[in-house]
Amino acid sequence: MNNPFDLDATLFNIPGNKASLAYSVLDSFESILITGSSGGGKSSGVAKKISESFIRQGYGGIVLSVKSERESWIEYCKKYDALDRLVIIGPNGKHSFDLLNYELSKTGSDL
């Protein structure tokens with residue numbers, strides 16, 4: 001794992017026609033948009049590269065997906081010995097989160 005405070009540390013390189021471009025820790029603080037057609041390799045290519053680099057770096061985060069990416073994330077975490085950091089929230093799972101109840105229980109709620 002790179003020093004998490006070294007903003008210039010390279011997470012991975014993006015290949016180009018003439019040279020590769022380094023994707024740094026600082027770059028990872030910006031937005032990422034991945035577009036493409038169905039079956040175009042977004043999840044198995046770019047998203048996988050980014051996800052694995054974030055896990056290696058020790059990042060935390062939340063992944064929201066309209067299609068099931070659970071197995072992919074389990075494999076990424078196994079690969080980088082990070083299963084102890086993975087929490088899966090879903091129907092009939094070990095963990096759950098009631099967002100509406102959480103918001104209503106906050107003091108000073110306007111709802």
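Helices (H or I, at least four residues) and strands (E, at least two) are DSSP runs here, numbered from the N terminus. The structure is a predicted model, so local features need pLDDT of at least 70 and side-chain atom pairs count only at pLDDT 80 or more, while totals for chains, interfaces and linings use all residues. Residues are numbered from 1 along each chain as its sequence is written, and side-chain values use heavy atoms, with hydrogens and water left out.

Phe-97 sits in the loop between α2 (70-79) and α3 (99-105). Together with Val-87, Ile-89, Leu-99 and Tyr-102, Phe-97 makes a nonpolar surface patch of about 530 Å². Patches take residues with over 30% relative accessible area and no salt bridge, joining like charges within 9 Å and nonpolar side chains (Val, Leu, Ile, Met, Phe, Trp, Tyr) within 5 Å. The areas come from the Shrake-Rupley method with a 1.4 Å probe, and for residues only the protein chains shown count as cover.

How many aromatic pairs does the structure hold? There are 4 of them. One is edge-to-face, because the rings of Trp-73 and Tyr-76 have centres 5.5 Å apart and planes at 70°. Rings of Phe, Tyr and Trp (its six-membered ring) pair if their centres lie within 6.5 Å; planes under 30 degrees apart count as stacked, over 60 as edge-to-face and the rest as tilted. Both Trp-73 and Tyr-76 belong to helix α2, 3 residues apart, or about one turn of the helix. Tyr-76 is buried at a relative accessible area of 8%, whereas Trp-73 is partly exposed at 22%; buried means under 20%, exposed over 50% and partly exposed in between (1.4 Å probe, protein chains only). Phe-97 and Tyr-102 form a tilted pair, 5.5 Å centre to centre with 50° between the planes. Tyr-102 is partly exposed, with 41% relative accessibility.

Of its 39 lining residues, the closest to the centre are Ile-62, Val-63, Leu-64, Glu-69 and Trp-73. Two or more lining residues come from each of α1 (42-57) and α2, and α1 gives the most, with 9 residues. A pocket is an open set of points on a 1 Å grid over the protein atoms alone, where a 1.4 Å probe fits, with protein on both sides within 12 Å along at least five of seven lines; lining residues have an atom within 4 Å of a point.

Next come the salt bridges, each a side-chain nitrogen of Lys or Arg within 4 Å of a carboxyl oxygen of Asp or Glu. The count comes to 3.

| Salt bridge | N to O distance |
|---|---|
| Glu-52 and Lys-79 | 3.5 Å |
| Lys-78 and Glu-75 | 3.6 Å |
| Lys-106 and Glu-103 | 3.4 Å |

Glu-52 in helix α1 and Lys-79 in helix α2 are 27 residues apart, so this pair links distant parts of the chain. Glu-52 is buried at 8% relative accessibility, but Lys-79 is exposed at 53%. Lys-78 and Glu-75 are 3 residues apart in helix α2, which means a separation of about one helical turn.

Two further spots deserve a look. Asp-81, in the loop between α2 and α3, has a positive phi near 50° although the residue is not glycine. Ala-9 lies in the segment before β1 (10-14) and is buried, with a relative accessible area of 8%.
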